[in-house]
Amino acid sequence: MKSDKELIKEFQGGNEEAFNQLVKRHLPDTYGFFIKFTSDTVEAEDLAQDVFIKMYKALKKFRFESEFKTYLFRANINMSNSYLRRNKWRNLLHLDQAPEPAYLDTSQEDEWRRKELWDAISKLPKKQRMVVSMRIAKEMPYKEIALAMGINVNSAKVSYHHAIKTLKDLINK
Amino acid sequence: MNFEKYIKEVSDSNVSSLNENIFLEKLHSERRRRDSNKLRLFNGLSAGVCVLLFSFITFSQLADDPIVYVSNDLKSLESMDIETETYVYELADYLVETSDDIWETLAFLDEINFETVIINENGGLE
């Protein structure tokens with residue numbers, strides 16, 4: 001099986017099929033990541049599509065300064081940040097349409113709790129939001145988070161700790 | 001309950017699998033659509049710039065001082081070519097010679113700034 005690097009080089013040489021193989025390889029992770037964010041298959045698919053369209057352009061100039069997996073993950077995080085920003089506005093604009101939790105059945109209640117969690121995450125400062133997203137959505141170890149964000153491990157741990165404390169306050173309020 | 005455990009539980013959701021081939025098909029058609037939109041926008045902008053440039057050039061040509069055209073026949077003699085100069089002298093002579101009222105003719109020559117030339121070239125009209 002060809003490595004990511006080999007596939008990217010082939011793609012840069014004009015082989016479109018190499019890009020398709022790369023997408024197939026990383027689609028489950030990317031899609032799964034966005035599913036956890038959005039709880040919506042259509043939105044998750046759209047976000048994954050946007051990320052891979054950006055990758056199509058970016059990979060032609062990719063200089064292998066970092067692992068493709070890390071590069072893709074950063075793109076996912078940036079996309080999720082944009083999504084959370086958009087969602088924050090959408091929530092503000094549709095506050096009156098939010099259903100009352102007391103009237104929801106169990107499945108809707110789960111959905112409501114998930115939404116409440118991601119809404120709370122969207123209120124966190126950017127660095128904390130990124131760390132907590134990676135921990136929750138990907139269950140990534142601190143070492144990988146630090147690598148993906150270009151920070152040191154302790155900084156990632158501190159950000160996560162602050163984020164959890166803030167989330168606790170926001171959700172239990 | 002441990003709060004971290006709680007958020008992990010909440011965030012867990014069943015990830016339904018996605019058909020890779022359909023996804024790729026949609027991905028490439030969307031990519032092509034965006035590229036063609038971008039190209040159309042670029043072409044539109046280029047055409048707009050060309051039209052603006054052409055309009056500006058045309059306008060700047062038309063905006064040349066219209067007095068140049070209107071007063072062409074009243075240009076000072078220094079800037080006329082020899083043929084025109086001769087013609088103007090002959091015309092002035094003709095006007096003076098055939099005039100019933102010399103003062104009216106002189107007033108006319110004065111009006112078109114011919115006096116200096118007459119004085120310089122002919123030593124004045126006696």
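Over all chains of this predicted model, a search of the whole structure finds seven salt bridges. Three of these pairs, among them two within chain A, are set out below.

| Pair | Closest N and O atoms |
|---|---|
| A:Lys2 and A:Glu10 | 2.6 Å |
| A:Arg25 and A:Asp4 | 2.7 Å |
| B:Glu30 and B:Arg33 | 2.9 Å |

In the pair of A:Lys2 with A:Glu10, A:Lys2 is partly exposed, with a relative accessible area of 39%, and A:Glu10, at 26%, counts as partly exposed as well.

The salt bridge between A:Arg25 and A:Asp4 links distant parts of the chain, since A:Arg25 lies in helix α2 (residues 16-38) of chain A and A:Asp4 in helix α1 (residues 4-12) of chain A, 21 residues apart. Here A:Arg25 is partly exposed at 29% relative accessibility, whereas A:Asp4, at 16%, counts as buried.

In chain B, B:Glu30 and B:Arg33 are three residues apart in helix α2 of chain B, so about one helical turn separates them. B:Glu30 counts as buried at 15% relative accessibility, while B:Arg33 is partly exposed at 43%.

Chain B has a mean pLDDT of 75, with 68% of its residues reaching 70 or more. Where pLDDT is low, the predicted coordinates should not be read in detail. For the complex, the predictor gives an ipTM of 0.72 and a pTM of 0.61.

Notes. Residues numbered from 1 in each chain as written. Chains lettered and ligands numbered in written order. Predicted model: local features only at pLDDT ≥ 70, side-chain atom pairs only at ≥ 80, totals over all residues. Heavy atoms only, no water. pLDDT = per-residue confidence, 0-100. Salt bridge = Lys/Arg side-chain N within 4 Å of Asp/Glu carboxyl O. Buried < 20%, exposed > 50% of the residue type's maximum accessible area, 1.4 Å probe, protein only. Helix = DSSP H or I, 4+ residues; strand = E, 2+ residues; numbered from the N terminus.
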